[in-house]
Amino acid sequence: MQAALRRFLSWHLRAQARPVVATEQPFTVTCRLPDESVVVLRGTADRLELDNEGRLVVVDLKTGKYTAEKIAEHPQLGPYQLAVAEGGF
């Protein structure tokens with residue numbers, strides 16, 4: 001547990017750290033599927049940050065992942081990206 005906390009603090013306090021805009025942020029997105037049915041997706045993102053261009057970045061602290069390339073490995077990242085794209089935050 002202490003090692004995980006040290007890693008988090010090191011990552012959070014690094015010089016190039018992105019500004020944190022929210023933690024434990026709920027989101028809701030309504031999506032229309034190809035068959036015209038409607039699905040409401042609700043969840044909570046661990047952490048929201050802003051990148052250098054002012055874009056929202058969702059960070060999943062359990063996996064430590066936030067990049068699109070990791071969606072296949074960590075499927076919970078896909079709904080976060082959908083929520084950002086659809087204005088769910």
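The model is predicted, so local features need pLDDT of at least 70, side-chain atom pairs count only at pLDDT 80 or more, and totals for chains, interfaces and linings use all residues. Residues are numbered from 1 along each chain as its sequence is written, and side-chain values use heavy atoms, with hydrogens and water left out.

Start with the sheet. It is open, with 3 strands in the order E1-E2-E3 and antiparallel pairing. Strands (E, at least two residues) and helices (H or I, at least four) are DSSP runs, numbered from the N terminus. Two strands pair if DSSP finds at least two bridges between them. The edges are strand E1 (20-32) and strand E3 (56-59), each pairing on one side only. On average, neighbouring strands of this sheet are turned by 55° against each other, direction ignored.

Now follow E1 into E2. Strand E2 covers residues 38-50 and pairs with E1 in the antiparallel sense over 11 bridges. Two of the bridge partners can be picked out by eye.

Helix H2 (residues 77-85) lies across E1, E2 and E3 and runs at about 85° to E1. Axes are lines fitted to C-alpha atoms, for helices over the stretch in contact, and angles run from 0 to 180 degrees between N-to-C directions. Contact means heavy atoms within 4.5 Å.

Is Asp46 buried or exposed? Asp46 counts as buried because its relative accessibility is 10%. The cut-offs are under 20% relative accessible area for buried, over 50% for exposed, and partly exposed in between (1.4 Å probe, protein chains only). Leaving aside residues up to four places away in sequence, Asp46 touches Ala22, Thr23, Glu24, Val59, Asp60, Leu61 and Lys62.

Turn to the surface. Leu5, Leu9 and Leu13 form a nonpolar patch there, with about 310 Å² of accessible area together. Leu13 sits in the loop between helix H1 (2-12) and E1. Leu13 counts as exposed because its relative accessibility is 64%.

Last, the charges. Side chains of opposite charge can pair when their charged atoms come close. The rule for a salt bridge is a side-chain nitrogen of Lys or Arg within 4 Å of a carboxyl oxygen of Asp or Glu. By this rule the model has 5 salt bridges. One of them joins the side chains of Arg18 and Glu49 at 2.6 Å, N to O. Arg18 lies in the loop between H1 and E1 and Glu49 in strand E2, so the pair ties together parts that are 31 residues apart in sequence. Both Arg18 and Glu49 are buried. Arg18, Arg47 and Glu49 are linked in a network of salt bridges.

Arg55 is partly exposed at 47%. Glu53 is exposed at 62%.

How values were computed. Patches are made of residues with over 30% relative accessible area and no salt bridge: like charges are joined within 9 Å, nonpolar side chains (Val, Leu, Ile, Met, Phe, Trp, Tyr) within 5 Å. Accessible areas come from the Shrake-Rupley method with a 1.4 Å probe; for residues, only the protein chains shown count as cover.
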